[in-house]
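Me: Please walk me through reading a fold and its pocket. Show me the model to begin.

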Amino acid sequence: MAAPTSVSSRTPVGALLAADPSRQAFLLLRTVFTVAPIVFGLDKFANLLVDWPRYLAPRIDTIVPGTGQQAMYAVGVVEILAGLAVALRPRYGALLVTAWLAGIIVNLLLIPAYYDIALRDFGLLVAALALSRLAVADEESRRERH
């Protein structure tokens with residue numbers, strides 16, 4: 001039996017989600033790209049997960065004012081704001097996260113020991129771009145339903 005191509009606005013939320021895999025993907029990515037940047041941003045102030053300043057490339061550290069930890073405080077604020085932007089406006093917040101991840105990748109490529117993490121972050125960058133595109137589709141779908 002073929003999956004339904006349209007869903008009534010009176011359909012329960014669960015049925016709507018079950019009928020639309022792209023909506024599921026959108027919600028999964030939106031949740032992850034909201035929560036993860038906020039958690040990692042907050043941890044820049046606590047250093048519970050890792051000693052974050054060690055991920056700051058020496059070349060970058062000489063450019064930014066203050067200590068490496070002070071730079072991480074600024075990074076934390078940006079990450080928290082990026083997570084909130086994804087929560088509120090995923091189409092544009094995801095692009096902010098994409099740009100932020102590009103900056104992180106450049107920083108990591110300047111540290112030879114962290115190429116593997118740069119590659120992982122490239123995968124996250126692609127996922128953030130996918131979230132932005134899914135947000136566009138979600139906005140169009142909502143307009144059609146109303």
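Me: Which element gives the largest share of the lining of the largest pocket?

Reply: First, the source. This is a predicted model: local features need pLDDT of at least 70, side-chain atom pairs count only at pLDDT 80 or more, and totals for chains, interfaces and linings use all residues. Residues are numbered from 1 along each chain as its sequence is written, and side-chain values use heavy atoms, with hydrogens and water left out. Now the answer: α5 supplies seven residues, the largest share of that lining.

Me: What are the elements of the protein chain?

Reply: Helices (H or I, at least four residues) and strands (E, at least two) are DSSP runs, numbered from the N terminus. Here there are six helices and zero strands. The order is α-α-α-α-α-α.

Me: How is empty space found?

Reply: Rolling a probe the size of a water molecule over the atoms shows where empty space is left. A pocket is an open set of points on a 1 Å grid over the protein atoms alone, where a 1.4 Å probe fits, with protein on both sides within 12 Å along at least five of seven lines; lining residues have an atom within 4 Å of a point. Grid points are joined across faces, edges and corners, and volume is the space filled by probe spheres set on the points. The largest pocket has a volume of about 770 Å³. Its lining has 31 residues, with Lys 44, Glu 79, Trp 100, Ile 104 and Asp 121 closest to the centre. Two or more lining residues come from each of α2 (21-46), α4 (68-88), α5 (90-109) and α6 (115-145).

Me: How many residues of the protein chain are buried?

Reply: Buried means under 20% relative accessible area (1.4 Å probe, protein chains only). Of the 146 residues, 33% are buried.

Methods
Buried means under 20% relative accessible area, exposed over 50%, partly exposed in between (1.4 Å probe, protein chains only).
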